[in-house]
Amino acid sequence: MPTYECDDFRVTFTRTVSGDSGADRYRVEAEYAGGRTVSSTFRLPMSSTRLEELVVNLARSGLREIAPTDMALVHTDAEQLGSELGTALFDDVIGASYIDAQRVAAAAGRGLRLTLSLGATPELLSVPWELLYRRPRFLASQRHTPIVRFLDVGDVPAALPIDGPVRVLGVVSSPAGLAALDVEDERARVEAALDSMIDRGLVELEWCDPATPRSLRH
């Protein structure tokens, strides 16, 4: 699979109106492509209670064995939730700018990273932004349209001193019922990235094998 360099499409949320029953309204400002900015408004497309119910139901469905027919229903629920979030965020202003930024990035052979700045609106941290859906796909499921959360916390504190090597436990997940992952290739990528530090004794890497909940707890 190709690895993309990405341009940033940064969306900053600021609460402007606070009301009851999930009626909060937010100002959103998007910055992209050389410092261009646009602004609009955002409002959760459902009450916080309803949002929590949907997220809990999706989480529960992922904690049990799911028949193929039930998996289709789970996908539909996730798609519906992601579509409503996508419609609320990508309105005529923000949506058009996102498409424009995608076009510019694609022309340069790069992806477009959606960066959500949520430091001023901690209540939006629990929103499942990773489910953002724009037909025909979930944005976060594509390498060229990743989604990241960003918290502007000011100055970064100085790094703490570490005595001895950093011990890393590597786990590669390849769930049953989904497309098989090339586990050996994933391991090789991690080992290649850490190779020089392992040789210098700065990192010790151990793989959780087999990668099961029981062996991970052990």
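Colleague: Let's start with L216. Is L216 buried, partly exposed or exposed?

Modeller: The general idea is a set of cut-offs on relative accessible area: buried means under 20%, exposed means over 50%, and partly exposed is in between (1.4 Å probe, protein chains only). Here L216 has a relative accessible area of 47%, so L216 is partly exposed. Keep in mind that this is a predicted model: local features need pLDDT of at least 70, side-chain atom pairs count only at pLDDT 80 or more, and totals for chains, interfaces and linings use all residues. Residues are numbered from 1 along each chain as its sequence is written, and side-chain values use heavy atoms, with hydrogens and water left out.

Colleague: Where does L216 lie?

Modeller: Helices and strands are DSSP runs, numbered from the N terminus: helices are H or I with at least four residues, strands are E with at least two. L216 lies in helix α5, which covers residues 213–217. The C-alpha atoms of L216 and G170 are separated by 9.9 Å, and these two residues are 46 apart along the chain.

Colleague: Which residues form the nonpolar patch on the surface?

Modeller: Patches take residues with over 30% relative accessible area and no salt bridge; nonpolar side chains (Val, Leu, Ile, Met, Phe, Trp, Tyr) are joined within 5 Å, and like charges within 9 Å. Accessible areas come from the Shrake-Rupley method with a 1.4 Å probe, and for residues only the protein chains shown count as cover. In this model L169, V171 and L216 form the patch, with about 260 Å² of accessible area together.

Colleague: And which residues gather in the patch of negative charge?

Modeller: For charges, Asp and Glu count as negative and Lys and Arg as positive, while His and the chain ends are not counted. The place of a charge is taken as NZ of Lys, CZ of Arg, CG of Asp or CD of Glu. The negative patch on the surface is made of D182, E184, E191, D195 and D199. Take D195: this residue sits in helix α4 (residues 183–199) and is partly exposed, at 41% relative accessible area.

Colleague: What about the chain as a whole: how many helices and strands does it have?

Modeller: There are five helices and nine strands. Reading from the N terminus, the elements go β-β-β-α-α-α-β-β-β-β-β-α-β-α. Of the 218 residues, 27% count as buried.

Colleague: Next, salt bridges. How many does the structure hold?

Modeller: A salt bridge is a side-chain nitrogen of Lys or Arg within 4 Å of a carboxyl oxygen of Asp or Glu. This structure holds 11. One of them joins the side chains of R113 and D8, at 2.9 Å from N to O. R113 is in strand β4 (residues 111–117) and D8 in strand β1 (residues 6–17), so the pair ties together parts that are 105 residues apart in sequence. R113 is partly exposed at 26%, and D8 is partly exposed at 35%.

Colleague: Which residue forms a salt bridge with D100?

Modeller: R103 does, with the closest N and O atoms 2.4 Å apart. D100 and R103 are three residues apart in helix α3 (residues 92–107), so about one helical turn separates them. D100 counts as buried at 17% relative accessibility, while R103 is exposed at 54%. R36 is linked with D100 and R103 in a network of salt bridges.

Colleague: How many disulfides are there?

Modeller: A disulfide is a covalent bond between the sulfur atoms of two cysteines. The rule used here is a pair of cysteine sulfur atoms within 2.5 Å, and by this rule the count is zero.

Colleague: Last topic: the backbone. Where do I find cis peptide bonds?

Modeller: One joins R135 and P136, with omega about 15°. P136 lies in the loop between β5 (133–134) and β6 (137–138). Another runs from D209 to P210, with omega near 5°, and P210 is in the loop between β9 (203–207) and α5. Also check A33, which has a positive phi of about 40° although it is not a glycine. A33 is in the loop between β2 (25–32) and β3 (36–42).
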